2 protein chains.
Amino acid sequence: MKLSTKGEYGLRAIIDIAENSKNGEYVSISDISTRQKISDRYLEKIIAKLKKSGLVKSSRGVNGGYILGKDPKCINMFDILSVLEDNIDVTECMDIHVFEKCNNHYTCKARKLWVKINEAVENVLKNTTLLDMIKQEIKKGEEIE
Amino acid sequence: MKLSTKGEYGLRAIIDIAENSKNGEYVSISDISTRQKISDRYLEKIIAKLKKSGLVKSSRGVNGGYILGKDPKCINMFDILSVLEDNIDVTECMDIHVFEKCNNHYTCKARKLWVKINEAVENVLKNTTLLDMIKQEIKKGEEIE
DNA sequence: CTATTTCATACTGATTTAGTAGGAATTATA
DNA sequence: TATAATTCCTACTAAATCAGTATGAAATAG
């Protein structure tokens, strides 16, 4: 049930971009790499996926790097992780075509659980935006000031 | 984010045992294997884990096999899968010791999401019993009869 | 022109997965 | 008591996946 480092590092990377391009500045891989302590070569490959999907935009050359492709409140965790992870489902048979070809599909009672898990995870992912991830927590009492 | 075949096959196996030992009969690996279309040699290894944890009990020799170790309404999916899967958490850093040793742990905002996913999954697993899995669905209207 | 950056493709060592193999120990039954 | 059916135990292995490296081309600001 473990996430790959692509998902793990990729989310940290896009959070880093969101937080460090506030004035419209592009955030370079080498900056992300040193802040997040992740190999820059590996980050390149991971961020390429984010780029391809449009979640981030890039600029080449000096002072180049990456900025968000959309407003952080319009990017949710499902968008991000489904781009980064090869498959986000807990089992292959979540794909209806795989399920129908499964030689046990009409007696399988286990699948009920996989469906429930999948729904629970998707619910979290789709209801958490990138903005939710980067905004400061309001500590108890602070809202009175 | 995918489950291993140990978790997948293991749950199918214990469901199979629950359904086929109704009269106190032991269910053999070869029977489970043919019904579930899973290699018997591999099943042996998987069911050994269930045995070791006490979720199933065994009897050797002729007419031997496995029966549940507890009432199916007292076995939940968390019990089963945490025995079958090596780690059920989405990231290593769900383990607090790993988290504290992480060189980014005091700036990491990504972890909030991993915690939410973990809670959502555990919630499903702990609130679904083996009895829930094997009981027949009551179809709409049927409860009136 | 040059330094800095992304972009594209290919390669690789280590680890994990999904089993297989061989045989010992136990037990019901004929 | 012999035999067939079963679990139990340990070791092995081929293939896939993971996590990362390596090389260098293309673009761009100054």
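Student: Why is Asn63(A) counted as exposed?

Tutor: This is a predicted model. Asn63(A) has 68% relative accessibility. Exposed means over 50%, so Asn63(A) counts as exposed. Asn63(A) lies in the loop between β1 (56-59) and β2 (65-68) of chain A.

Student: What makes the phi of Asn63(A) worth a remark?

Tutor: Asn63(A) has a positive phi of about 60° and is not a glycine.

Student: And in chain B, why is Asn63(B) called exposed?

Tutor: The relative accessible area of Asn63(B) is 67%. The cut-off is over 50%, so Asn63(B) is exposed. Asn63(B) sits in the loop between β1 (56-59) and β2 (65-68) of chain B. Its phi is positive too, near 65°.

Student: What makes the pair Lys2(B) and Glu92(A) a salt bridge?

Tutor: Their side chains meet at 2.9 Å, N to O. The limit is within 4 Å, for a Lys or Arg nitrogen and an Asp or Glu carboxyl oxygen. The pair therefore qualifies. The count between chain A and chain B is four salt bridges.

Student: Which element gives the most to the side of chain A that touches chain B?

Tutor: That is α6(A), with nine residues. The residues on this side divide into 19 nonpolar, eight polar and 15 charged.

Student: How much area do chain A and chain B bury between them?

Tutor: About 3600 Å², with 62% of it on carbon and sulfur atoms. Met1(A), Lys2(A) and Lys109(A) supply 21% of the area that chain A buries against chain B, more than any other three residues. The contact takes 42 residues from chain A and 42 residues from chain B.

Methods
Residues numbered from 1 in each chain as written. Chains lettered and ligands numbered in written order. Predicted model: local features only at pLDDT ≥ 70, side-chain atom pairs only at ≥ 80, totals over all residues. Heavy atoms only, no water. Contact = heavy atoms within 4.5 Å. Buried area = accessible area lost by both parts, 1.4 Å probe. Helix = DSSP H or I, 4+ residues; strand = E, 2+ residues; numbered from the N terminus. Nonpolar A, V, L, I, M, F, W, Y, C, P; charged D, E, K, R; others polar. Buried < 20%, exposed > 50% of the residue type's maximum accessible area, 1.4 Å probe, protein only.
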